[in-house]
Amino acid sequence: MTTHIDTDCVIVGGGPAGLMMALLLLRQGLEVTVAEKHADFLRDFRGDTIHPSTQDLLAELGLLDEFLARPHDDMPRVRLSWQGTELTLADFTRLPTRRKVMTFMPQWDFLDLLADTAAQHPGFRLLRSTRIDGLIRESTRITGVTGSGPDGDVTIRARLVVDASGRDSDIRAAAGLTPTGSAAAMDVLWFRLTRRDGEVYPFIQAGDGMIITIDRGDFFQIAHVIPAGTWTGSDGDVVKMRERIARISPRMADAVATVTADDVHLLRVRLERLCRWYAEGMLCIGDSAHAMSPAGGVGINLAIQDAVAAARILGPVLRARPPRAKDLRRVQRRRTWPVRLTQFVQRRLQGPLIASRAPGASLPFPLRMLRDHPRLTYLTGRFVGLGARPESID
């Protein structure tokens with residue numbers, strides 16, 4: 001049995017960008033269908049950071065109080081422990097925002113908030129467990145998508161297809177859009193550490209590599225930055241990882257001793273972007289348009305800003321007609337230079353992030369600058385907390 005749906009906009013991918021754009025289009029009176037391949041939003045390996053600029057967007061939507069009612073932690077400054085030396089990497093306390101903090105919230109809670117709010121609009125459909133793998137074309141124009149869900153095949157026709165499905169998008173390839181970029185110098189290993197009574201780790205620890213720790217209540221989510229291509233999952237790799245983490249953070253040595261290869265998830269970092277973010281009838285946003293490094297935790301912020309700009313520019317068009325190439329090009333033109341600047345900075349950060357340094361080695365130059373010139377942390381706070389080009393809903 002095939003399910004047929006007609007809508008104004010179909011968004012492939014129920015992540016932060018996809019659901020934010022859906023909500024903003026719904027507020028303009030449009031019908032929106034979001035197709036999400038998973039049955040729920042529960043994923044360990046998603047970013048938990050909600051930036052000050054995103055919290056301003058939630059305030060514009062009237063959702064900030066509801067957001068803050070959910071379990072979360074606030075961080076006014078990003079701190080790093082370098083071989084026992086404490087440094088501030090970014091300071092958000094002077095930002096021109098309502099809340100001058102980075103907030104940590106499990107991404108599934110944030111996505112539930114957006115999805116629940118969108119569900120209050122009659123024109124919203126969220127298709128879970130629905131994998132989109134094909135495009136519908138009429139002449140040269142993309143007019144919808146095809147896929148499969150729990151009840152069989154799905155056909156969705158729309159004035160606009162938005163691909164927010166990430167860096168490994170199937171429909172981006174089907175549309176003939178291919179990203180270009182340089183190979184990243186690092187990969188990231190993700191795994192859990194069981195929380196012991198009273199145990200607390202610094203958010204970022206560095207020295208012989210880097211460890212980022214996310215407190216998830218009864219366990220810690222660990223992101224360990226390593227040189228690209230050095231992890232195969234062998235027993236030898238696990239031993240080296242344990243030894244390296246013990247050198248960076250001796251307090252973690254006992255906890256990491258029980259981690260096996262099966263516990264580790266490898267994220268291959270890619271820094272790439274599309275030369276053209278659109279095909280006739282289809283627009284790519286977020287990681288589908290530009291895969292980011294985890295450096296600075298800014299990928300989610302950029303993706304949400306893409307969604308806000310796209311909804312603001314294309315919403316009025318969609319109410320009247322299908323968007324043309326020139327309409328889609330306006331979105332790319334607005335968002336391209338912030339992406340390019342952010343990726344440039346991330347490339348420059350890769351060296352310090354993965355460098356292996358002996359105990360007692362001097363601080364890398366960028367960290368010495370932040371230590372010796374504390375006012376620079378307000379600039380890094382602005383870059384991380386706001387992004388190169390913050391967006392507004394109206």
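Tutor: Before we start, one term: two strands pair if DSSP finds at least two bridges between them. Strands (E, at least two residues) and helices (H or I, at least four) are DSSP runs, numbered from the N terminus. What you see is a predicted model, where local features need pLDDT of at least 70 and side-chain atom pairs count only at pLDDT 80 or more, while totals for chains, interfaces and linings use all residues. Residues are numbered from 1 along each chain as its sequence is written, and side-chain values use heavy atoms, with hydrogens and water left out.

Student: Okay, so how do I read strand pairing? Which strand does E11 run parallel to over 10 bridges?

Tutor: The general idea is that strands of a sheet pair through backbone hydrogen bonds, either parallel or antiparallel. Here, E11 (residues 152-163) runs parallel to strand E1 (residues 2-12). To find the spot, look for Thr2, whose bridge partner in E11 is Asp153. E11 also runs parallel to strand E18 (residues 282-284), joined by three bridges, and there Asp163 stands opposite Cys284.

Student: And what about E10 and E11, parallel or antiparallel?

Tutor: Antiparallel, with six bridges joining strand E10 (residues 141-149) to E11. Thr146 faces Thr155 of E11. The two strands make a hairpin, with two residues between them.

Student: Which residue takes a positive phi in the hairpin of E5 and E6?

Tutor: That's Gln83, with a phi near 50°; two residues sit between the strands there. Strand E5 (residues 77-82) pairs with strand E6 (residues 85-91) in the antiparallel sense, over six bridges. Check Ser81, which stands opposite Glu86.

Student: In what order do the three strands of the open sheet come?

Tutor: The order is E3-E7-E4, with antiparallel pairing. E3 (49-50) and E4 (73-75) are the edge strands, each with a single partner, so one side of each has no neighbour in the sheet. Between E3 and E7 (residues 102-104) there are two bridges, and Ile50 has Thr103 as its bridge partner in E7.

Student: Now helices. Which residues of H6 are buried?

Tutor: Buried means under 20% relative accessible area, exposed over 50%, and partly exposed in between (1.4 Å probe, protein chains only). In H6 the buried ones are Asp237, Val238, Met241, Arg244, Ile245 and Ile248. Down the axis of H6, they fall within an arc of 130°, so they line one face of the helix; that arc is the one spanned by the directions from the helix axis to the C-beta atoms. Asp235 and Lys240 are exposed on the face turned away from that buried side. The general idea: an α-helix has 3.6 residues a turn, so residues three or four places apart point the same way.

Student: How do I read a salt bridge, and how many does the structure hold?

Tutor: Side chains of opposite charge can pair when their charged atoms come close. The cut-off is a side-chain nitrogen of Lys or Arg within 4 Å of a carboxyl oxygen of Asp or Glu. The structure holds 16 of them. One of these joins Arg157 and Glu138 at 3.4 Å, N to O. Arg157 is in strand E11 and Glu138 in strand E9 (residues 131-138), so the pair ties together parts 19 residues apart in sequence.

Student: Is Glu272 buried or exposed?

Tutor: Glu272 is buried, at 13% relative accessible area. Its salt-bridge partner is Arg270, with the closest N and O atoms 3.0 Å apart, and Arg270 is partly exposed at 26%. Another pair is Asp327 and Arg321, at 2.9 Å, N to O: Asp327 is buried at 6%, while Arg321 is partly exposed at 22%. There's also a network of salt bridges linking Asp306, Arg312, Arg334, Arg335 and Glu391.
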